[in-house]
Amino acid sequence: MAPPLQFEALAGVALPARPLHLAIGMFDGVHLGHRAVIEAAVQSARRSGGLAAVLTFWPHPSALFRPEQPTRLIQDAGTKVRVLQTLGVDAIITEPFTPEFARVAAEEFVGWLKQRLPGLAAINVGENFRFGRGRAGDVSVLVKSAQVLGLSVFSAPRVSLDGEPVSST
C-alpha cells in the first residue's frame, strides 16, 4: 500500500473526488479509543469506495490557551504521523491550532470543514469529542450540523481496559 497523502493544513487541500470519511481528534498516543474512531472511518470508506482521512491538530490546543502549562504530549507530530500511517488511512490532515481556528463557532465547524473538504461524507469522533469556540460543541451539535449538510456522523463509545476508560492522560 502506498503511504497516505499528507497535508499541512486544510486550506487548499486537494483530495481525489471520492467520498471522504474523516476521523477527527488530537490522537495523541493513538491509543485503543483513538484506533476505534480511525478504524470506523477506514471501514466506512472502504465499504463506500471512499477515502479515509484523519484530521488532527498541531500544536495541542492547550499551547494556545495555557501556554504557561501546555498539556504534555505523548508523541511529537512526526511520530504521530508515522503511527497514523500504519492504520490504513489515505490522508492525514494537520490543521494548525491557531487563534483564528479557535474562534470558529461550534455551529459553524461542520460548514467550515465542508467548505475546505468538499468531498466530506462522514465524520468519525469519540463520544467525548468537544469542538468549536470555547469547546461549546459536542456530538449532538455535530450531528445536528452534519444532518443539515447531508453528512453522517459516527461517535465511537469510550473504550475501557480493566474497567478504566482508555485516554491519553
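Which residues touch the most other members of the largest nonpolar core? The points below start there.

1. **Basis.** This is a predicted model, in which local features need pLDDT of at least 70, side-chain atom pairs count only at pLDDT 80 or more, and totals for chains, interfaces and linings use all residues. Residues are numbered from 1 along each chain as its sequence is written, and side-chain values use heavy atoms, with hydrogens and water left out.

2. **Largest core.** The residues are Leu22, Ile24, Phe109, Leu113, Leu120 and Ile123, in a core of 29 residues. Two or more residues come from each of strand 2 (20–24), strand 3 (51–58), strand 4, helix 4 (99–102), helix 5, strand 5 and helix 6. Helix 5 gives the most, with five residues. A nonpolar core here is a set of buried Ala, Val, Leu, Ile, Met, Phe, Trp, Tyr and Cys residues joined through side-chain atoms within 4.5 Å. Buried means under 20% relative accessible area, exposed over 50%, and partly exposed in between (1.4 Å probe, protein chains only). Helices (H or I, at least four residues) and strands (E, at least two) are DSSP runs, numbered from the N terminus.

3. Leu22 touches Leu113, Leu120 and Ile123, among others, not counting residues up to four places away in sequence. Its contacts also include Ala41, Ile93 and Asn124. Contact means heavy atoms within 4.5 Å. Another core, of 16 residues, lies apart from the largest one; among its members are Ala23, Val30, Val37 and Ala156.

4. **Asn124.** This residue sits in strand 5. Is Asn124 buried or exposed? Asn124 is buried, at 2% relative accessibility. Beyond its neighbours within four places in sequence, Asn124 is in contact with His21, Leu22, Ala23, Ile24, Val37, Ala40, Ala41 and Phe154.

5. **Helix 6.** Val139, Leu142, Ser145 and Ala146 are the buried residues of helix 6 (residues 139–148). They fall within an arc of 125 degrees seen down the axis, so they line one face of the helix. The arc is taken from the directions from the helix axis to the C-beta atoms. An α-helix has 3.6 residues a turn, so residues three or four places apart point the same way. The buried residues pack against helix 5 (106–116), strand 5 (120–126) and strand 6 (152–156). Lys144, Gln147 and Val148 are exposed, on the face turned away from the buried side. Gly150 follows helix 6, with a positive phi near 75 degrees.

6. **Aromatic pairs.** The count is nine. Rings of Phe, Tyr and Trp (its six-membered ring) pair if their centres lie within 6.5 Å; planes under 30 degrees apart are stacked, over 60 edge-to-face, and the rest tilted. Phe65 and Phe97 are edge-to-face, at 6.0 Å centre to centre and 75 degrees between the planes. The pair links distant parts of the chain, 32 residues apart. Phe65 is exposed at 54%, whereas Phe97 is buried at 14%. Phe129 and Phe131 are stacked, at 5.4 Å and 15 degrees. Both are buried. One aromatic cluster includes Phe65, Phe97, Phe129 and Phe131.

7. **Salt bridges.** There are two, each needing a side-chain nitrogen of Lys or Arg within 4 Å of a carboxyl oxygen of Asp or Glu. Asp90 and Arg46 meet at 3.0 Å, N to O. They lie 44 residues apart, with Arg46 in helix 1 (residues 32–48). Arg46 is partly exposed, at 39%. Arg103 and Glu100 meet at 3.8 Å, N to O. Arg103 is partly exposed, at 48%.
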